[in-house]
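The structure comes first and the text follows.

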Amino acid sequence: MSGLQRIAVIGAGAFGTALAAVMAQTGKVAVVLIGRDASVMADLAASRVHEAALPGIRLPDTLAFSSRPEDLRDQDIVLFAMPSQAQIAAAETYGPHLKPGAPIVICAKGIEKQSSRLLTDVLESALPGHPIAMLSGPGFAADIAKGLPTAMAIAAKDLPLAEQLAKAISGQTFRLYASDDRIGVQLGGALKNVLAIACGIVEGMGLGDSARAALIARGLAEMSRLVDAMGGRGDTVRGLSGLGDLVLTATSHQSRNLRFGIALGKGEPIAAQHGALVEGAFAAAVAARLAEGRQIEMPITQAVAAIIDGRLDIPTAITQLMSRPITTE
Ligand SMILES: NC(=O)C1=CN([C@@H]2O[C@H](COP(=O)(O)OP(=O)(O)OC[C@H]3O[C@@H](n4cnc5c(N)ncnc54)[C@H](OP(=O)(O)O)[C@@H]3O)[C@@H](O)[C@H]2O)C=CC1
Ligand SMILES: O=C(CO)COP(=O)(O)O
């Protein structure tokens with residue numbers, strides 16, 4: 001896989017556009033951003049600003065735009081930057097147009113809801129012959145697109161591939177660390193969203209910064225247990241994808257998951273919250289199911305799932321969490 005030059009990003013939302021912009025900015029790779037709507041992509045090419053996704057941020061002149069799946073035919077690396085629950089549909093649409101053997105990098109943070117399968121497993125079945133990698137970690141799209149310093153993790157089954165992808169995608173302001181633990185890296189991204197909702201609930205209810213810190217630490221223990229049980233390395237979530245991303249999204253109001261939790265904590269009905277993508281609202285129930293199936297204790301994740309499903313009210317959830325048996329750390 002030497003001499004990688006051409007990278008496509010599918011999904012012209014906030015994250016896809018930011019990734020395409022930061023890679024194009026380096027000048028060392030040719031980048032095309034592929035979206036579904038031809039008129040949106042033509043407008044982006046003309047204006048170089050994606051007002052809906054990244055307002056006020058100028059996109060590099062070197063970035064190309066397309067709405068044609070056929071343009072994937074000569075792309076050496078392809079990033080899938082649509083939401084978790086759209087990854088299968090995207091694989092069906094774009095799969096037939098991929099260059100044979102081109103690595104696919106999943107850039108979503110979630111677990112497939114319908115099947116409870118990991119996204120890497122889902123895409124491996126849908127796109128045979130393509131190595132499937134996973135990019136995850138702390139980084140808001142706007143920060144990345146503005147060229148602020150950011151670091152994330154990229155995992156592939158084989159470390160040399162992860163290292164090659166990390167080199168191809170990284171630049172002066174966006175730095176990737178390679179890993180061969182796809183399970184740890186992707187569960188770190190999916191589960192931190194659920195915990196960010198929990199931290200939002202704590203903030204919305206005014207329960208204090210000490211409670212938030214406790215949630216971060218105990219949430220990390222939950223993530224680590226599920227990663228181990230699913231065949232990954234629990235330690236991975238102590239890195240960028242997991243702890244790094246949890247600290248970011250549990251504390252910054254840029255996070256949609258945190259804001260969703262704050263609204264819940266303030267007593268706003270879930271039905272009133274629509275619009276923004278809240279990946280943790282999908283991941284909570286799946287993660288709780290995976291934990292139950294493996295007899296893993298994930299009380300915070302299970303409480304968030306039950307609150308979102310309407311099976312548990314927030315005050316009862318807090319009482320239950322605080323009255324669990326006293327145990328060792
Ligand atoms: N925003 C952020 O700061 C970060 C986001 N992420 C992750 O990236 C993923 C995407 O989030 P984000 O970019 O913010 O979401 P957005 O809502 O901003 O954008 C999602 C994009 O996905 C596109 N899309 C939806 N379904 C399909 C499909 N079947 N085929 C092709 N494209 C599709 C949409 O296209 P259309 O416009 O045509 O509807 C839209 O442009 C999430 O999993 C999120 O957790 C990760 C790190 C940072
Ligand atoms: O994952 C993110 C940053 O790392 C974005 O978080 P939200 O999806 O909560 O906005």
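## Packing of α7 and α8

In this predicted model, helix α7 spans residues 182–205 and helix α8 spans residues 209–229. Angles over 145 degrees count as roughly antiparallel, so α7 is roughly antiparallel to α8. The crossing of the two helices is right-handed.

On the α7 side, the contact is made by Ile183, Gly184, Leu187, Gly188, Leu191, Leu195, Ala198, Cys199, Val202 and Glu203. From α8 come Ala211, Arg212, Leu215, Gly219, Met223, Leu226 and Val227. By class, the contact residues of this pair are 12 nonpolar, three polar and two charged.

## Packing of α7 and α9

Helix α7 also packs with α9, at an angle of about 25° and with the axes 8 Å apart. Since angles under 35 degrees count as roughly parallel, α7 is roughly parallel to α9. Here too the crossing is right-handed.

Helix α7 contributes Val185, Gly188, Gly189, Lys192, Asn193, Leu195, Ala196 and Cys199 to this contact. The α9 side consists of Ser241, Gly242, Asp245, Leu246, Thr249 and Ala250. The contact of α7 with α9 divides into six nonpolar, six polar and two charged residues.

## Domain arrangement

The protein is divided into domain 1, residues 4–179, and domain 2, residues 189–321. The C-alpha centres of the two domains are 26 Å apart. Their contact involves 17 residues of domain 1 and 19 residues of domain 2.

On the side of domain 1 that touches domain 2, strands β7 (150–155) and β8 (174–179) each supply at least two residues. The largest share of that side comes from β7, with three residues. The residues of this side of domain 1 comprise eight nonpolar, seven polar and two charged.

Where does ligand 2 lie relative to domain 1 and domain 2? Both domains give residues to the shell around ligand 2, so the ligand lies between them. There are 13 residues around ligand 2, and those that come nearest are Pro138, Thr249, Ser255, Arg256 and Asn257. Of these, Pro138 falls within the bounds of domain 1 (4–179), while Thr249, Ser255, Arg256 and Asn257 fall within those of domain 2 (189–321).

Helices α7, α9 (240–251) and α10 (256–265) are the elements that give two or more residues to this shell. Helix α9 gives the most, with three residues. The shell around ligand 2 is made up of four nonpolar, five polar and four charged residues.

Note on methods: Residues numbered from 1 in each chain as written. Chains lettered and ligands numbered in written order. Predicted model: local features only at pLDDT ≥ 70, side-chain atom pairs only at ≥ 80, totals over all residues. Axes fitted to C-alpha atoms, helices over the stretch in contact; angles between N-to-C directions. Helix = DSSP H or I, 4+ residues; strand = E, 2+ residues; numbered from the N terminus. Parallel < 35°, antiparallel > 145°, perpendicular 65-115°, else oblique. Left-handed = near helix turned anticlockwise from the far one by under 90°. Contact = placed C-beta atoms within 7 Å. Nonpolar A, V, L, I, M, F, W, Y, C, P; charged D, E, K, R; others polar. Domains from an automatic or database assignment. Near = placed C-beta within 6 Å.
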